[in-house]
Amino acid sequence: MNRPPDQDSDFPYWLLLLAGVGLYLFWLVVANELYAQVLRTLVKGIGITVFVTVVSFALASALGLALALAALSRSIMLRQIAQVYVEVIRGIPIIVLLLYVAFVLAPAMVAAWNWMTSSLGIDPWQTRDFPLLWRAIIALAIAYSAFLAEVFRAGLLSVDRGQIEAAQALGLNGRQRFRHIIFPQAFRTILPPLGNDFVAMVKDSSLVSVLGVSDITQLGKVTAAGNFRYFETYNVVALVYLTMTITLSLALRRLERRMRGPEQR
């Protein structure tokens, strides 16, 4: 059986095509006042989109790693808790989870906090405010943690058992084995799917617009509703997202190639 061609060695004709289309659209933005006005409005939402993506993904990665370690632990209770969490969260659409967290879980958390502070006699700490931005971040972190848990679990299982036993023979404890032997090797396996999920998070962050968070998508919706130029407005929205995701994808591919050994390139 012939070895499949290496995609990394292919000339990126697709990138040239997309670059040509992108340059044409950017030229329209410069030359057309309507496109330029839409872009000036959407730029205000880029910071919110980046903030939501980075914070949500960081929280999801931490929770996902904890779930993966629980799933691989010797405790059957921890394994069962991790399993039920992953299966339940993966079975709920992200937009449903977003609405549930925003309008069910967040108010319940506020009520629990106020009850606790009143019980302790610290009324000034009571609050009724839970910003929609943070409700959205929590929802995305919960949703993605279930997927990242499986990514981390598969990466940790990919480490050769012999190396772990060798580390034990050298007297390394569990934390030292994880830090110096297991995780560095697992990270090479984890990086590609982790990068794909990060790019997907950029796109799924647009779901926060259903809560009125002023990200790129929400500002695009408001702009289109005001100028009734849906074609031009959503062209610019798509252009902004494509610029972000393709740039990230190319950067992640470059990082993957650098992390491979010379013999794997």
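Ala, Val, Leu, Ile, Met, Phe, Trp, Tyr, Cys and Pro count here as nonpolar, Asp, Glu, Lys and Arg as charged, and the others, Gly among them, as polar. On that scheme, the lining of the largest pocket has eight nonpolar, three polar and four charged residues. The model is predicted. Its protein chain has nine helices and zero strands, and the C-alpha atoms fill a box of roughly 70 × 70 × 30 Å along the principal axes.

**Overall fold**

- Along the sequence, the pattern of the protein chain reads α-α-α-α-α-α-α-α-α.
- Two packed helices are described by the angle between their axes and the distance between the axes. The pairs treated below are α1 with α9, α7 with α9, and α2 with α3.

**Packing of α1 with α9**

- Helix α1 covers residues 13-31 and helix α9 covers residues 230-259. Their axes lie 11 Å apart, at an angle of about 145°.
- The crossing in which α1 passes α9 is left-handed.
- On the α1 side, the contact is made by Trp 14, Leu 15, Leu 18, Gly 22, Leu 25, Phe 26 and Val 29. On the α9 side, it is made by Leu 239, Thr 243, Ile 246, Leu 250 and Arg 253.
- By class, this contact of α1 with α9 has nine nonpolar, two polar and one charged residue.

**Packing of α7 with α9**

- Helix α9 also packs with α7, at an angle of about 175° and with the axes 10 Å apart.
- Angles over 145 degrees count as roughly antiparallel, and α7 and α9 are therefore roughly antiparallel to each other.
- From α7, the contact takes in Phe 187, Arg 188, Leu 191, Pro 192, Gly 195, Phe 198, Val 199, Val 202 and Lys 203. From α9, it takes in Tyr 241, Met 244, Thr 245, Leu 248, Ser 249, Leu 252, Leu 255, Glu 256 and Met 259.
- The residues of the contact of α7 with α9 divide into 12 nonpolar, three polar and three charged.

**Packing of α2 with α3**

- The axes of α2 and α3 cross at roughly 130° and come within 7 Å. That angle makes α2 oblique to α3.
- The crossing of α2 and α3 is left-handed.
- Leu 63, Leu 67, Ala 70 and Ala 71 of α2 meet Leu 78, Arg 79, Ala 82 and Tyr 85 of α3.
- In this contact of α2 with α3, seven residues are nonpolar, none is polar and one is charged.

**Largest pocket**

- Rolling a probe the size of a water molecule over the atoms shows where empty space is left.
- The volume of the largest pocket is about 500 Å³. It is lined by 15 residues, of which Leu 72, Arg 161, Ile 164, Arg 177 and Ile 182 are the closest to its centre.
- At least two residues of the lining of the largest pocket come from each of α5, α6 (161-169) and α7 (174-204).
- Helix α7 gives the largest share of this lining, four residues.

**Cavity**

- The structure holds one cavity of 30 Å³ or more. The volume of the largest cavity is about 40 Å³.
- Its lining consists of Leu 67, Ala 68, Ala 71, Ala 82, Gln 83, Val 86, Ala 149, Glu 150 and Arg 153.
- The elements giving two or more residues to the lining of the largest cavity are α2 (33-71), α3 (76-90) and α5 (132-157).
- Six residues of the cavity lining are nonpolar, one is polar and two are charged.
- Leu 67, Ala 71 and Ala 82 line the largest cavity, and these residues also belong to the contact of α2 with α3.
- Helix α5 contributes to the lining of the largest cavity and to the lining of the largest pocket.

Methods: Residues are numbered from 1 along each chain as its sequence is written. This is a predicted model: local features need pLDDT of at least 70, side-chain atom pairs count only at pLDDT 80 or more; totals for chains, interfaces and linings use all residues. Side-chain values use heavy atoms; hydrogens and water are left out. Axes are lines fitted to C-alpha atoms, for helices over the stretch in contact, and angles run from 0 to 180 degrees between N-to-C directions. A crossing is left-handed if the near helix is turned anticlockwise from the far one by less than a right angle, and right-handed if clockwise. Contact means heavy atoms within 4.5 Å. On a 1 Å grid over the protein atoms alone, a cavity is a set of points where a 1.4 Å probe fits but cannot get out, and a pocket is an open set with protein on both sides within 12 Å along at least five of seven lines; lining residues have an atom within 4 Å of a point. Grid points are joined across faces, edges and corners, and a volume is the space filled by probe spheres set on the points. Angles under 35 degrees count as roughly parallel, over 145 as roughly antiparallel, 65 to 115 as roughly perpendicular and the rest as oblique.
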